[in-house]
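Below are my notes as numbered points, to be read with the model open beside you.

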Amino acid sequence: ILNPEPVPANHTLTCTQRVNKQIKRKGQDLTRRQWQKGSDKEKLHWPEHELAKKFVLSAEEALTIDSKRSFSNLSSGVLKDTFTTGTSSYNVLLQSKEERKHHSQKRFSSAHSKQHRKPSKSPSSSHSKDPSRTPALVPVTSTGTWYCLDRQSAVLVTSSVPSPVKFTRDISVTGSGLALPPKPKNKVKRRNLTPLPKPKQQPQLCRSFEKGDDFSGKKLCILTAIKPINLEKEKLRFFKSDYTYNPQFEYANPSLPGVLAKHSHASDRFLKQSINIMELTLQKYGSYEKFEQATGGSLLSKTRIWSHVRKYMMKEGCLGEIVVHLTEDLLSRASMTVVNGCPTLTINISTAREHWLEGMLRHEIGTHYFRGINNLQQPWNSWIGRKKHELKPNNPTEEGLASIHSVLFRKDPFLWRAALLYYTVYQASQMSFCELFKDIGRFVKDPNTRWDYCVRAKRGWTDTSQPGCFSKDQVYLDGILQILRFRESIDFHLLTALGKVSYEDVDRLKELAVTENMRVPHFLHDHSRYMEHLEKIMEVNELTDAELKHLI
């Protein structure tokens, strides 16, 4: 095959046929490659039809991501699992400017070094330890479209394969359908090259990060266990019965009875306030649906969601640190979790509205993510540390603070959602599913929205004809009112910087805390403006200091 003598152009097809026969006989694959010896060259030409079928990357091929910028070194298999979960969803890794610069420097270094050495590994090796190889992850979607958010303009590559592939200039693809056996290794002279600057090391999101109340593996396990596996089937049956059938939920991994019992006690402490907040909202807007349209705006497309998320991450300086996953298979509007050591923000696209999306990002990233990152640096970043320093549970402070940030800059910052969740949980503890569905109809008319709230309140239960609730959703309004009660004495900057701590522990812990290089969201930098918006929340929801002091 590798004849050093020149071969006429009309012999190319014959050469190719000989190669095909030899490869077929040996059962090997072959990549399109150009071999050179001296000044004479021979090219192996392949039909374009064959190229389209075998050389376009398919969704099943393994991909890897540059782990320099991520929080842990993950294998391509783990990343593929992370980015291909969920239905009707998109996945994306938002890369930072520093990471792309690092990729560019590595490509330059690779190109320079290739002038002085021969490749020692087959191009089909997708797990090379060569630091100059930095393939970028291409997130895959169930619809067959691949996206990677980047500042560079994207190029759409189409082929005979069913799924179009979208790439940017920062993406490199590893693996190939056809490959020659690797050439034997040759010793080469080492060149003294200036080492590339390493990107700033990010904290590792390990178990110490996950052991906060809201990032714990325990929490994730509970919420996974109490999600019914027959939700769609029971919803269809419930709607066909004209809302008279009490769903019978099934669970893949039922929670322990003791765990469910712990979350089955509803409180009526702020029931009056929750009802008053919802009635005030309806007095002004007429219905929840009108309130949602007037204050939330229109639903956003996936492309616009990516754009908003990118802008917010750039504002907070965390672009490239968080995996973003869009899905419709989520009971809440969004969630921030840790998946295989990687912080993952999951957004429910069916509730992503134009004027509410940034509030959700302040909730998930500006509060949960930053407090979780800061917590890693503190002496209480583990259960042993929390016990040693006698820390109170970080909830309801955690969710209360995040919920305040959700409505912080709204024109009418009604605490509607927190109030409705609180009310629904209490009523669920007293009613069956059908009774609850009918009861909250006084506040919400849309059957699908009512279904979602009822499922949240009844999750974990099998027979929903019995009174019973999952009480976690009361923590939002509880936390909001406690923080508003003590807003004048709370140091909100420290409350974020100290990590996952209760507002009650801030003064006691500030002398023990590590405060260098702590990350605080941009909206906390202007303290006076922040406090003005807290006062507006009090005013719009007709909450008074006297009332809160009496309750708390």
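1. Let's begin with H14 and H21, whose axes come within 11 Å and cross at roughly 90°. H14 is therefore roughly perpendicular to H21 (angles under 35 degrees count as roughly parallel, over 145 as roughly antiparallel, 65 to 115 as roughly perpendicular and the rest as oblique). Axes here are lines fitted to C-alpha atoms, for helices over the stretch in contact, and angles run from 0 to 180 degrees between N-to-C directions. Helices (H or I, at least four residues) and strands (E, at least two) are DSSP runs, numbered from the N terminus. On the H14 side, Leu401, Ile404, His405 and Val407 meet Tyr530, Leu534 and Ile537 of H21, where a contact means heavy atoms within 4.5 Å. By class, this contact has 6 nonpolar, 1 polar and no charged residues. For the classes, Ala, Val, Leu, Ile, Met, Phe, Trp, Tyr, Cys and Pro count as nonpolar, Asp, Glu, Lys and Arg as charged, and the others, Gly among them, as polar.

2. A word on what you are looking at: this is a predicted model, in which local features need pLDDT of at least 70 and side-chain atom pairs count only at pLDDT 80 or more, while totals for chains, interfaces and linings use all residues. Residues are numbered from 1 along each chain as its sequence is written, and side-chain values use heavy atoms, with hydrogens and water left out.

3. Please keep the confidence in mind. The protein chain has a mean pLDDT of 73, and 59% of its residues reach 70 or more; pLDDT is the predictor's confidence in each residue, from 0 to 100. Over residues 28–99 the pLDDT stays under 50, and the model has 197 contacts beyond four places in sequence for them. Residues 187–204 also have pLDDT below 50, with 24 contacts in the model beyond near neighbours in sequence. Where pLDDT is low, the predicted coordinates should not be read in detail.

4. Which residues bring H15 and H18 together? Ala418, Ala419, Leu421 and Tyr422 in H15 meet Tyr476, Leu477 and Ile480 in H18. By class, that contact has 7 nonpolar, no polar and no charged residues. H15 (residues 416–428) and H18 (residues 475–485) pack at about 125°, with their axes 7 Å apart, so the two helices are oblique to each other.

5. H9 (residues 271–285) and H10 (residues 288–296) pack at an angle of about 75°, their axes 9 Å apart. This pair is therefore roughly perpendicular. Thr281, Leu282 and Tyr285 of H9 make the contact with Tyr288, Lys290, Phe291, Ala294 and Thr295 of H10. The contact has 5 nonpolar, 2 polar and 1 charged residues by class.

6. The backbone has some spots to check by eye. Most residues other than glycine have a negative phi, and most peptide bonds are trans. A cis peptide bond joins Asn395 and Pro396, with omega about 15°, and Pro396 lies in the loop between H13 (383–388) and H14 (397–407). The loop between H13 and H14 is also the place of Glu390, whose phi is positive, near 55°. Glu390 counts as exposed at 63% relative accessibility (buried means under 20% relative accessible area, exposed over 50%, partly exposed in between, with a 1.4 Å probe and protein chains only). Glu542, in the loop between H21 (527–540) and H22 (545–551), has a positive phi near 50° and is partly exposed at 48%.

7. Is Arg353 buried or exposed? Arg353 is buried, with a relative accessible area of 11%, and sits in the loop between S8 (342–348) and H12 (357–375). Leaving aside neighbours within four places in sequence, its contacts include Glu292, Gln293 and Leu300.

8. In strand S8, Ile347 is buried at 1% relative accessible area. Ile347 and His325 are 22 residues apart in sequence but 6.2 Å apart in space, C-alpha to C-alpha. Beyond four places in sequence, the contacts of Ile347 include Val309, Val324, Leu326 and Met360.

9. Finally, the cysteines. The structure holds 0 disulfides, a disulfide being a pair of cysteine sulfur atoms within 2.5 Å. For Cys434 the closest cysteine sulfur is that of Cys454, at 9.2 Å, too far for a bond. Cys434 is buried, at 13% relative accessible area, and Cys342 counts as buried at 8%.
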